[in-house]
Amino acid sequence: MSVNRASPTSHSYFAQGLRLHYLDWGNPEAPPLLLVHGNRDHCHNWDWVAQELRDDYHILAPDFRGHGDSERILGGNYNHTGYLYDLAQLIHQQNLAPLKVIAHSLGGSVALRYAGAYPENIEKMIVIEGTGGPGWMYQEVPVHERIRNWVDSTRAGAGRSPRRYGSLEDAFERMQAENKHLSESQARHLTAHGSNQNEDGSYSWKFDNQTHVMAPFDLTLDQTQTLWSRITAPLLLISGSESQFGQHQKEDITRYFPDARSLVFENAGHWVQHDQLDRFVSEARLFLKDA
């Protein structure tokens, strides 16, 4: 599969005054399919998947606030609620509901919350390693510790400059080292779309450094699972056998959803859609098709 056939168009929309970016892969007469990226990723993470499904669906892939080509929040303070609003606005403004969704990691967590709040808007959803959350959701971390950790992390982040790479080749090598399953062409593609050249000629990743800091307050695990229980659409929960994602989840997570099944991909890490592209597309096409 090659990204050379890619021809999406770039568009902007607004959420809480922020100009946000998304890709539209055309075919507007087809059923809508939203592709939602994970933390510190960007919409071009889906280019290979979109290539294979674009003839069957009207595919849109947004950049969350602080990611890709979307605007950053002045002062940081990124949280799931803000990201959820980004999704809600795109779905509302483009009149996409009811729709199908494929979402990864942070994007999966956000998309599941949206589906719990608006179950009538979701037809089917595939979530890749997106039923997790910050560590304190699974541990009894006292509130004062959460606050102190957030303050310390935010202060440290404010004093840390974005990492600079002397060349695009250096950034590519870092990308390839992060995921051993990526082919050279995949790593180069993600690097080119995920980085900006600085004024001094060096390169830095597009995501806002403040996205490293997790909000100290969020929905509790019980509240999150209550939202999950409201999702009426069929769900396919996917994980990679080589990922550390499951370290907090020792139980069968499907029991919290009315209609869900899980699938583990062998020889895949956290980015299953990259590591096992052919099989992922095959499973996605089979699951998403209308009965």
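## The sheet

This predicted model contains an open sheet of 8 strands. The strand order is E1-E2-E4-E3-E5-E6-E9-E10, and the pairing is mixed. Strand E1 (9–15) and strand E10 (260–265) form the edges, each pairing on one side only. From one strand to the next, the twist averages 20°.

Strands of a sheet pair through backbone hydrogen bonds, either parallel or antiparallel. Take strand E6 (residues 122–128) and strand E9 (residues 235–240): they pair in the parallel sense over 4 bridges. Val-127 stands opposite Leu-237 in E9.

## A helix on the sheet

Helix H9 (residues 277–288) packs on the sheet. H9 touches strand E3 (32–36), strand E5 (99–104), E6, E9 and E10. The direction of H9 makes about 160° with that of E6.

## Two helices that meet

Two packed helices are described by the angle between their axes and the distance between the axes. Helix H3 (residues 106–117) and helix H7 (residues 221–228) pack at about 60°, with axes 7 Å apart. That angle makes H3 oblique to H7.

From H3 come Leu-112, Arg-113, Gly-116 and Ala-117. They meet Thr-224, Leu-227 and Trp-228 in H7. By class, this contact has 4 nonpolar, 2 polar and 1 charged residues.

## The nonpolar cores

The largest nonpolar core has 38 residues. Leu-34, Val-101, Leu-112, Ile-122, Met-125, Ile-231 and Phe-257 have the most contacts inside it. At least two residues of this core come from each of E1, strand E2 (18–24), E3, H2, E5, H3, E6 and E9.

What does Phe-257 touch, not counting residues up to four places away in sequence? Its partners are Leu-112, Thr-131, Trp-228, Ile-231, Leu-235 and Leu-237.

Another core, of 37 residues, lies apart from the largest one. Leu-33, Phe-172, Ile-238 and Phe-287 are among its members.

His-80 sits in helix H2 (residues 80–93). Is His-80 buried or exposed? Its relative accessibility is 9%, so His-80 counts as buried, the cut-off being under 20%. Leaving out residues up to four places away in sequence, His-80 touches Leu-106, Ser-109, Val-110, Arg-113, Met-214 and Asp-218.

Helix H6 (residues 184–194) also has buried residues: Gln-186, Ala-187, His-189, Leu-190, Thr-191 and Gly-194. These pack against helix H1 (47–53), helix H5 (168–178) and helix H8 (272–275). They also pack against strand E7 (195–197) and strand E8 (203–205).

Key: Residues are numbered from 1 along each chain as its sequence is written. This is a predicted model: local features need pLDDT of at least 70, side-chain atom pairs count only at pLDDT 80 or more; totals for chains, interfaces and linings use all residues. Side-chain values use heavy atoms; hydrogens and water are left out. Buried means under 20% relative accessible area, exposed over 50%, partly exposed in between (1.4 Å probe, protein chains only). Contact means heavy atoms within 4.5 Å. Two strands pair if DSSP finds at least two bridges between them. Axes are lines fitted to C-alpha atoms, for helices over the stretch in contact, and angles run from 0 to 180 degrees between N-to-C directions. Angles under 35 degrees count as roughly parallel, over 145 as roughly antiparallel, 65 to 115 as roughly perpendicular and the rest as oblique. Ala, Val, Leu, Ile, Met, Phe, Trp, Tyr, Cys and Pro count as nonpolar, Asp, Glu, Lys and Arg as charged, and the others, Gly among them, as polar. A nonpolar core is a set of buried Ala, Val, Leu, Ile, Met, Phe, Trp, Tyr and Cys residues joined through side-chain atoms within 4.5 Å.
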